[in-house]
Amino acid sequence: MAVMTYREALNMALREEMRRDGRVFVIGEEVGLYEGAYKVTQGLLKEFGPRRVVDTPICESGFTGVGIGAAMVGLRPVVEMMTFNFAIIALDQIVNTAAKLHYMSGGQFNVPIVIRGPGGPAAQLAAQHSQSMETYFYHVPGLKVVRPTTPMDAKGLLKSSIRDDNPVIFIESETLYPVKGEVPEDPDFVIPLGKAVVRREGKDVTVIAYMGMMYRAMEVAEDLAKEGLSVELVDPRTLRPMDTETIIGSVRKTHRLVVVEAGAGFAGMGSEIASFVTEQAFDDLDAPVERVTGANAPMPYARNLEKLKTPSKDKIAAAVRRVCGANGG
Amino acid sequence: MPRTVLEPRFHLEHLSILDSEGHLDTALEPKLSPEELKSLYRAMVLGRRLDERMVRLQRQGRIGTFAPIKGQEASQMGSAFALRPTDWMVPSFREAAAMVWRGWPIEKLLLFFAGYVEGGQPAPGQRDLPITIPVATQLPHAVGLAYAAQYRGDDAVVMVFFGDGATSEGDFHEALNFAGVWQVPVVFVCQNNQWAISVPLKKQTHSKTIAQKALAYGVPGVQVDGNDILAVYAAAREAVDRARAADGPTLIECVTYRLGMHTTADDPTKYRSEEEVKMWEQKDPLTRFTAYLKERNLLDPGLEQQVDDEIGEAVRRFEATPPADPRTVFDHVYAEMPPHLRAQREELARRLEEAGTPPPPEPAAAPPRATPMRGQRLTRR
């Protein structure tokens, strides 16, 4: 184990996979000479050269399409979106080709592509650059969608994504890049896609969260422990396909569920989780499922309004208390 | 000196070798053997007869909507004929003749337009992408295929087809731009058939030609008489050779005409005149090539019958295919079957069994993958 930043963990994953497999190459805007807008590709051009670390013109649809073409014939491109907000320019390529080609070719072509970059609420990046983009992708059959919360997850999940034979949408976070944590240095360390993790054991209530919201929920769990509430924290890590088994298992244990998500709540991840938990574990629930979500509005630019838009610790704590029937809930 | 005249060092050619009056430019006539000429002709006749048969099949409700190629046989066959089997062909949705020439079985094409997944499944090792329905999205894929060839040191060339309408899409620009910057081995073939459904070329672009769009990307562009099989072949030959020699991409504009409808769901009499269609019928690519071959005594009198028999056999095989199994709807969503899809597949299988449907087949195993590119080639990147 070594302590490193989330950004360094991603860099390590890329470097290890590029050393391991000559088919892996990185492509995107500013990934080479500039080493990435957020420096995730630091040092890669120097080690692997311009054939495998490819700076492109500014055209998300184009370089995603090029990556898809290269993936069809067996290469393993890792496409960097400078931010995931730009990925919607490439939505047709992602949704109509990357996600569909395996199906429409009757299994003859795979598209083993990873599309990665930061997304989700950041710090004062405003409405067009600060939004939870995962919702646009996890609706699509054929895509896998990953949101890694910790540096360890960032490394283990990115390596699995690169080795996966399907298109993987891998959304990091601007605000998590400097976060430090323990990361195994073993180049064989991977975390399988489609597996959730219980980050904190508890018995009174299950709270599901990922990325920045998970860090916030952890603080809430510690605070509520002082009030005698035992919170279990589950991080789905892969949003599609989702590890429903771990989530249902946790709900069967705690009988209460709160889902926290940073994005706007309408048709969000919380709605889907509330829905399958109700379908599969209705009789186990002692209270209605609560969702704590971002406001259903674009992200404001002003710092004070931005703070109001995303779920606060107080809002999360209040929801937990409510489902537990505790004071202040 | 506020205004300096730049002298762009590019020029544009229009190539015509065998015109609709039967005049032949012998200096430009490509060197094709009698056997090659005959197989080209056969592929064009097959394309025409299959097209006519498919329209009838569609009208009878035996296949679904499709895009007829009538009138465009020369522009697609002249291009595809310049490829080796080890090259890649990336079609749009109006290249039936070229697809069959490349080895796509006719019944598979029919299966595609009847909605069978097998219709989109190239044979293992076949270097063809399946039909692309979205407009222009296949152009960046072709650049990606060519980048992969360059990456691996393969000598494969990639040929991608699209229509005049596709040149207005962003993906056309992005693909040409990439191909120019990277100098990858791609031949872009635009079948300019004058109409994007009801939108004529003059409403698609104010540019005098489509070929000239290449120049802005630093890529050679050429316009050819797309109904002149010899001219199309000559232009494609040159472009394919250039790509293989690592001298970069080319844009070929084949000026042709869609004699039929956009798709079988379209009625072109609503937006274009009979005179215009009649004028283009005079330029039919088959008429002039037939005359050319007749003069060389290369016409085989039994060809039409032979081709019709081949099509008839394929239609029979196609119609003997049992309907798609509902359980297969969950296959190939992912490279492996995730638990939620397996559960849904099993539930459907159980319900079908309860309803007396025969037991489910195992999830289809993926067929052997198309062989990845191999080989050696120097690139000048």
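In the predicted model, strand β9 (residues 197-200) of chain A is joined to β11(A) by three bridges, and the two strands run antiparallel. Within this pairing, R200(A) has L233(A) of β11(A) as its bridge partner. Strand β10 (residues 205-208) of chain A is also joined to β11(A), here by four bridges and in a parallel arrangement. In this second pairing, T206(A) stands opposite E232(A) of β11(A).

Strand β11 of chain A comprises residues 231-235, and five of its five residues are buried, so the strand is largely enclosed by the rest of the structure. The side chains are divided between two directions: V231(A), L233(A) and D235(A) point one way from β11(A), while E232(A) and V234(A) point the other way. All of these residues are buried, whichever way they point.

The buried residues of α2(B) are E73(B), A74(B), S75(B), Q76(B), M77(B), G78(B), S79(B) and A80(B).

The largest pocket of the model has a volume of about 890 Å³. Its lining consists of 30 residues, and those nearest the centre of the pocket are L239(A), P241(A), M242(A), T244(A) and H340(B). Elements that give two or more residues to this lining are β12 (238-240), α10 (244-254) and α11 (269-281) of chain A, together with α12 (339-354) of chain B. The greatest contribution to the lining comes from α11(A), which gives six residues. By residue class, the lining of the largest pocket divides into 13 nonpolar, nine polar and eight charged residues.

One of the residues nearest the centre of the largest pocket, P241(A), is located in the loop between β12 and α10 of chain A. The peptide bond that joins R240(A) and P241(A) is cis, with omega of about -5°. Most peptide bonds, by contrast, are trans.

In chain A, A267(A) has a positive phi of about 55° although it is not a glycine. A267(A) is found in the loop between β13 (257-264) and α11 of chain A, and its relative accessibility of 55% means that it counts as exposed. In chain B, N297(B) has a positive phi of about 60° and is not a glycine either. N297(B) is placed in the loop between α10 (285-295) and α11 (303-319) of chain B, and at 70% relative accessibility it counts as exposed. Most residues other than glycine have a negative phi.

E35(B) lies in helix α1 (residues 34-59) of chain B and, at 55% relative accessibility, counts as exposed. The C-alpha atoms of E35(B) and L298(B) are 8.8 Å apart in space, although the two residues are 263 residues apart in sequence. A246(B), in the loop between α8 (229-244) and β8 (250-255) of chain B, counts as buried because its relative accessibility is 13%. A246(B) and P185(B) are 61 residues apart in sequence, and their C-alpha atoms are 6.5 Å apart in space.

Over all chains, the count of disulfides comes to zero. C254(B) is in no disulfide, and the nearest cysteine sulfur, that of C190(B), is 7.7 Å away. A disulfide requires the two cysteine sulfur atoms to lie within 2.5 Å. C254(B) is buried, with a relative accessible area of 0%. In chain A, C324(A) is also buried, with a relative accessible area of 18%; the cut-off for burial is under 20%.

Terms used
Residues are numbered from 1 along each chain as its sequence is written. Chains are lettered from A and ligands numbered from 1 in the order in which they are written. This is a predicted model: local features need pLDDT of at least 70, side-chain atom pairs count only at pLDDT 80 or more; totals for chains, interfaces and linings use all residues. Side-chain values use heavy atoms; hydrogens and water are left out. On a 1 Å grid over the protein atoms alone, a cavity is a set of points where a 1.4 Å probe fits but cannot get out, and a pocket is an open set with protein on both sides within 12 Å along at least five of seven lines; lining residues have an atom within 4 Å of a point. Grid points are joined across faces, edges and corners, and a volume is the space filled by probe spheres set on the points. Ala, Val, Leu, Ile, Met, Phe, Trp, Tyr, Cys and Pro count as nonpolar, Asp, Glu, Lys and Arg as charged, and the others, Gly among them, as polar. Buried means under 20% relative accessible area, exposed over 50%, partly exposed in between (1.4 Å probe, protein chains only). Two strands pair if DSSP finds at least two bridges between them.
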